[in-house]
Amino acid sequence: MGLLSDPNRRRALISLLTRLNSPICVVCYMAGVAWFMGLAFEPFTLRTYMSENAMGSTMVEERFPAGERALTTGREFSAHKKKAGGMPVDWLVKTMQARGLEVFTQRFSRKLPFPDENKERYMVKGTNVYGILRAPRAPRTEALVLSAPCTPGDSNNQAVGLLLGLAQYFRNQIYWAKDIIFLVNEHDLIGMQACITFSPDSCRGGSIQAALSLELSSDVITSMDLVLEGLNGQLPNLDLANLFYAFCQKIGVLCTIQGKLQRNDWDSVSGYSHSVQTMMLMVMKQASGRPWGDHGLFLRYHIEAASIKGINSFRQYKTDVTTIGRLLEGMYRKLNNLLERLHQSYFFYLMPSLSHFVSIGYYMPAFGLLAVILLLRALDLWVQLATPPPRTEDGITDKEQVSSPGVLSVLTPLVISHLTGVALYTLPIQFQEMAVEQFPVSETEAVVLTAIGVYTAGLALPHNTHRLLSGEGTEQGWRVLKLVAVLYLAVLLGCTALINFSLGFILALTLVPVAAFVTPHVPKVLSAFILVILSPACTLLFSVFFFQELQELPVSFQEGWLLYLSVISQGILDHFLYGSLVYPLIALLVYPCWLLFWNILFWK
Amino acid sequence: PSLYLGSISFIIGLSSPGNPKDDFQEELVIRPLHSGDIYASFQFRTVWETDFMRGNKVSHYRLFPKSLGQVISKFSVRELHISFTQGYWRTMQWGQPFQPSPPGAELWVWFQDSVTDVDGTWKELTNVLSGIFCASLNFIDSTNTVQPSASFKPLGIGNETDHRFLRYATLPREIVCTENLTPWKKLLPCGSKAGLAVLLKSEKLFHSSFHSQAVHIRPVCQDWQCKTTSWELRQTLNVVFDLHNSAQGKREWSLFKMFSRTLTEACPLASSSKIYIDITDNPQGEQFEVSPATPLLSQAVVLGDRRTFSVYDLTQQITFGTVRSLNLLIRWKSSEGDMLRPLLHAERYVAGYGLQTGEIHTLMYNNHPYRSFPVLLLDSVPWYLRLYIHTLTVTSKGKDNKPSYIHYQPSKDRLRPHLLEMLVQLPPNSVTEVTVQFERALLKWTEYTPDPNHGFYVGSSVISSLVPSIVAMDTNSTRERPLFSSFFPCKEESSYFVRVYTEPLLVNLPTPDFSMPYNVICLTCTVVAVGYGSLYNLLTRSFQIEEPSPGLAKRIANIIRKMRGVPPL
């Protein structure tokens, strides 16, 4: 700090920063990306370990015997489901009652803002059935949840069968200290939401400590997959993942995360790229902000939750349902031992494999290196604005440059671009009916196409802004606007990265170069092209292709485009149904911010 | 030896006619529940014709436990009710209990009006009781004690209803175990040596779904004229055995299976010793079968319902049969476990997410088809949940339901809890929802419970009510009753008193990570010392280049130049 209090040295430092600004920025960007890629390298990451004392040291003996019976129950459930043409409510109630549970049903109905074409639903009506195993001599203060979705078609019957089998087995044990809620939910997340938003007839059993959602569609499986990403990129406490991993190891079940098995050859190129893929999948899923399993909505209520999916592939080694039952039994017994909410381990982490994790302290510098570019740019602009303009040769100051730009010239683009953002947020839902009447499109297409339309219309903005402005834009004017825009972006990305690192990082990767290089003096056509390529909408498009590539399901451009449209509609639906924040964040903040840079490029 | 015998007979002879009479009764009620579970309720009643009031010194004890007698005289207690409960009574499955009690410990005491320092006496009393019952009652202090204005009226004789002499406290976190059972058993005249108390084996009692033990002391009338008072001590113990856990799913119960003991004798000191089995739902033996059979039947109106009981009198040798032991056996024939619809029941939960605010919802169900009735709701909420009382709403059937009486005492931080009492009319066949929002307070760092904790408990709400009786509902009676007796529902049977306790709540308060302070202190000190200090310096100071002060010669030269009127050097 002595460096800064000394005016001479301060001047030297500032001149160094301004002179070497561009090279430093480039180096920071490279370093940020390199740091991020390094996170997947195993020697740089930590091994997972159980932090929670109550789950770590105690041993549990798993004895669940009734896998075959669970499968029979599953087949019975399937038959009744077919007969009822949906959720076999009466059968489930009777079966749960026979197992000694307190059974409740909950009816719910929901009208979506526009039809969901992926899941083919619009007016949703359904029933959740849940049975509560009351812990003996416990005062109903705490509960655990085990849920299995009732999906149309032939899937997930085994999950319901196993759930009922476990209920029967658990009911005969004396050691429970927390109530256990066995939930069969209809219409996946919509049913789940009806169940956990607290209303007079929702699922209740004291404060829920942890929840697992089970998906199982075959009698034998090869591996169990763990899904952690929840709404808005929230993750459960890392101990829940550790618990799953520990029991998979103990019982000898193959376990995966993001559908990727763990490999031991971290020092080979293919091993490294494997863990990069796993981590990137997690980053993409987290950035999407949508719940990737039925557990996703629990996390908002500070309930640690994950989904467990049984996967049956062509591998030789198979695991039967009894073993999965034992796995769940072990996990629930350990969760039952909890003396406090799960909070000992990390809430912010990335997982390059199930046995290794990257904590917030390790991944934040990657983002920090990107964000510092914005600050350096801001400093540079600030210095340029602060230093007196160079005198012309004849010694007369250029009067036009001296006059500081009016507040209006900065405020007008800010207000107009935000108004465009508001339009992008509100119009698609507002205009769907009109669009359906006027054009031969379905509601969903109308919403998505309106969104794209408004987005594209925003690109015409610079011309309109200037019509509103009284005078010509000055050299100082764009500098002030860019300073404001750069600082705005820095704050925006910083906040986003704190809540959802992945989203913040992906946005920073694309928006920071834009923010760094754009001026009115760069070649217009080329820059405009780059700017559009790096805009949030195109980022989303690339992400869709990249995600498919990571999942090893590459798509053609045509399919990709359709996928892109459905992703947009899903994002909007997620916001209106579950309160996902990604769509409003992009529409109301990120897009207007990007428009400011677009404005600067076309500054006259 | 003859002299020795003589002296014993002399002592007995002296004690029986001269001293006030005392009397001990014991009974066990067994009710097979719809769910297949079984409910066993013990009651031990000691009545003593003596007077503890007004500082009367009582020094000779026979059946009445001396430890409790001394407590009554020392602290001038008029009435004392204490219960320890492990588990939650499931009204929907089990119906109403004979003696309701909230999870954890509950204590309420009426003091005599001669007590001047009620709070001080209360504090001492809780500490003494804590010792007697091996419980954490010493944690009762002003922050969890309230003085209900209407919900807890004296159950014994006496017209004193000034609630200044009432103290009520619950400890929802209290865990009840063997260490609480043993001192409770020691209060019995026969201990656990003879009589029904033989059955009270802790390994079986705590292998159950619900366990509750209580002590009630109150003054009662000695005779119908009520000129003098007696003191009544009732020790009750309620336990529900779980069909699935205890009976391994077999629908068959016996005394041996429940308690791992059979009965061979009554307590010799007891004037009456009986076992009742509730066979109301089983008049022809179609639901379950009881063996050995008994010819003795008894009818009573219990909780507004006319019940029939088989009675086994343990003072009669014939009860024990030829094997000299009684092992009652109940064998179920049908298997149905539907939910009940009790006329009044209640639930409570916390809604909302985040760690700043929340909302307490209390739901009260009136399942009576056509009668509305009033209930008294008592809520005692710890101070660290700051109730926003202006958000209090009471709604039934979607409409605002205005309570006819509200008594609210706001909390004081670290001193006393919120007390909310309301008289609410529950419309027939309805759910009444009471909601109130709260803010979670930030505690001082020493006020948090030690590291592993489940959260903060809020005690059960208490709902007291006179519920219209099922007997009175039976307007089209086809029972064998004289017609002249059945036109007006008689007063005693038209309604009955019910107290319902809701679940306790578990609330998370914003908890700092206690392993972090060291890091935080280090970090903040560094930031403040290095970063903030110098940055503040930079921002507030203006920097100027200061000329070094001129030498002496230069100064003199300047003075001369000034005198000459020339600008200085």
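## Chain B at a glance

A residue is buried under 20% relative accessible area, exposed over 50%, and partly exposed in between (1.4 Å probe, protein chains only). Of the 569 residues of chain B, 50% count as buried. This is a predicted model: local features need pLDDT of at least 70, side-chain atom pairs count only at pLDDT 80 or more, and totals for chains, interfaces and linings use all residues. Residues are numbered from 1 along each chain as its sequence is written, chains are lettered from A in the order in which they are written, and side-chain values use heavy atoms, with hydrogens and water left out.

Chain B has twelve helices and 26 strands. These are DSSP runs, numbered from the N terminus: helices are H or I with at least four residues, strands E with at least two.

## The interface with chain A

Contact means heavy atoms within 4.5 Å. By that rule, 38 residues of chain B touch 37 residues of chain A. The two chains bury about 3300 Å² between them, 56% of it on carbon and sulfur atoms. Buried area is the accessible area (1.4 Å probe) that two parts lose on being put together, summed over both. On the chain B side, B:His244, B:Tyr353 and B:His454 lose the most area to chain A, together 17% of what that side buries.

Two salt bridges are counted between chain B and chain A. A salt bridge is a side-chain nitrogen of Lys or Arg within 4 Å of a carboxyl oxygen of Asp or Glu. B:Glu503 pairs in this way with A:Arg140, with the closest N and O atoms 3.9 Å apart. Strand S7 (210-221), helix H7 (243-246), strand S15 (344-351) and helix H11 (517-540) of chain B each supply at least two residues of the side that touches chain A. S15(B) gives the largest share, four residues.

## Salt bridges within chain B

The whole structure holds 29 salt bridges over all chains. One joins B:Glu232 and B:Arg218 (2.8 Å, N to O). B:Glu232 lies in strand S8 (residues 229-241) and B:Arg218 in strand S7 of chain B, so the pair ties together parts 14 residues apart in sequence. Both B:Glu232 and B:Arg218 are buried.

B:Arg386 forms another with B:Asp413, the closest N and O atoms being 2.7 Å apart. B:Arg386 sits in strand S18 (residues 385-396), and B:Asp413 in the loop between strand S20 (405-409) and strand S21 (418-426) of chain B, so this pair links parts 27 residues apart in sequence. B:Arg386 is partly exposed at 28% relative accessibility. B:Asp413 is partly exposed at 36%.
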